[in-house]
Amino acid sequence: MIQSDKVIGINKAVQILSDEGICAIPTETVYGLAADATNSNAVAKIYALKNRPTFNPLIVHVSSIKQATAFAEISSENHKVCSYFWDQNLSLTVVLPLKATHLISPLVTAGLNTIAVRRPNHPIALDIINRVGPIAAPSANQSMHISPTSADHVCKSFGKNSPYIVDGGLCTVGLESTILDLSNKIPCILRAGGVTKEDLETYFKMSLNSASKTIKAPGMMKKHYAPACPVILNAQTMQPGDVLLGFGPKTPKGSTLNLSPTGNLTEAATNLFDALYKLEAMKPKRILISPIPMIGLGIAINDRISRAAAA
Ligand code: TXA
Ligand code: MG
C-alpha cells in the first residue's frame, strides 16, 4: 500500500521497522526496502522479498557520521571524506572496516569484515533513521529488475507482494549512490552513481581506479536493472514493435521517450529508471537506447543501461 500522507507514513514505517518488519522508503537516489540493520529477522525479510542472493551485502543508512561510528572504523581521513560529501548532501556510499564490537546483523554485511554506509539526503528517510537507528536498505525492487524512483515503481516491481510504501515523490537523483571503497590505503570506486568520478578525483587530488576487474561489490552482477524485454544499446534502426529511448536534440524523430531533449545528463539520470518502467509497460519487442556520452553522470547511466542490456 502507498501512503502519501508523510506524517502517517513516517509513523507507520517507524512502527513496522521497530516490529521486525520491512517497508519501502524514499531516498534522493532510489526508493529503499528498509529494515532495522541490527535485527537479523527483519533483514532476512529483505532478502526474501527481493529474492536477493544472501552473498550480496546491503548498505546501512545513517543520519550522521556519529551514528556510523557505532559499527564502522572511521579514521580521521575517512571522517573528512564523509563530512565533505555528506555535508553537501551528495549521494556517496563509503565502504569502511567493520568495528570489532558492533550490533549490525551479519546478514547485512554478508559475512564481510567491511560495511557500506551512507547518509541519504531525504527528510523522510532521515526522520525515520533518527527514530529507528541505522537502517539496512537495498533498492526497493525485485532483484535484477529496474530500480524504483517513485512509489508506483515499487508497487510495479513487487506486484501483489508490495510492502508498505511511504510516498516521498520522485527521487531527485534517480541513480543509486556512488560506492567508494575506503577500507584499503587507496580509495577505489566500486559503483558509478550520483557522485561522479571527476568529483571524487578532485577531492582526492589523484586519479581513481574502478573495481570493474576485481568484482569487489558482490552485487555488481553483469545483468541487473533489466526490464522484461531485451534492451539494445546504440541501435541504428527501429523494427516494428520496438520503442526508442532517445537522448539529446539529435535523437531521431519517432523516439518514444527522450531522457533529456536538451542533452542534460543530470536530467537524464533522474528520468532513466522511470523511462524504463514506462517503456516496459508498453510491452514492446525491444527497448532501443540512443548513445549517451561517457562523461560525468553519463558513466553511471551507461553502467546501468549496459547491465539492463546484458544478455
Ligand atoms: O542509492 C543507493 O545506494 C540505494 C538507496 C536505497 O540507498 N541503495 C542501493 O542498494 O543501491 P543495493 O543493495 O541495490 O546496492 C548495494 C551495493 C551492492 O552492489 C553491494 O554489493 C554493495 O553495495 N555493498 C554493500 N556492502 C558492501 C561491502 N561491504 N563491500 C563492497 N560492496 C558492498
Ligand atoms: Mg539495487
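What distance separates the centres of domain 1 and domain 2, taken over C-alpha atoms? The centres lie 27 Å apart.

In this predicted model, local features need pLDDT of at least 70 and side-chain atom pairs count only at pLDDT 80 or more, whereas totals for chains, interfaces and linings use all residues. Residues are numbered from 1 along each chain as its sequence is written, chains are lettered from A and ligands numbered from 1 in the order in which they are written, and side-chain values use heavy atoms, with hydrogens and water left out.

**View 1. The two domains of the chain.** Domain 1 covers residues 2–204 and domain 2 covers residues 231–309; such bounds come from an automatic or database domain assignment.

**View 2. The area buried between domain 1 and domain 2.** About 1500 Å² is buried between the two domains, with 64% of it on carbon and sulfur atoms. Buried area is the accessible area (1.4 Å probe) that two parts lose on being put together, summed over both. On the side of domain 1, I146, H153 and L175 lose the most area to domain 2, together 37% of what that side buries.

**View 3. Residues in contact.** Contact (heavy atoms within 4.5 Å) involves 23 residues of domain 1 and 15 residues of domain 2.

**View 4. The salt bridge between the domains.** One salt bridge is counted between domain 1 and domain 2, a term for a side-chain nitrogen of Lys or Arg within 4 Å of a carboxyl oxygen of Asp or Glu. The side chains of R304 and E176 form a salt bridge with an N to O distance of 2.9 Å.
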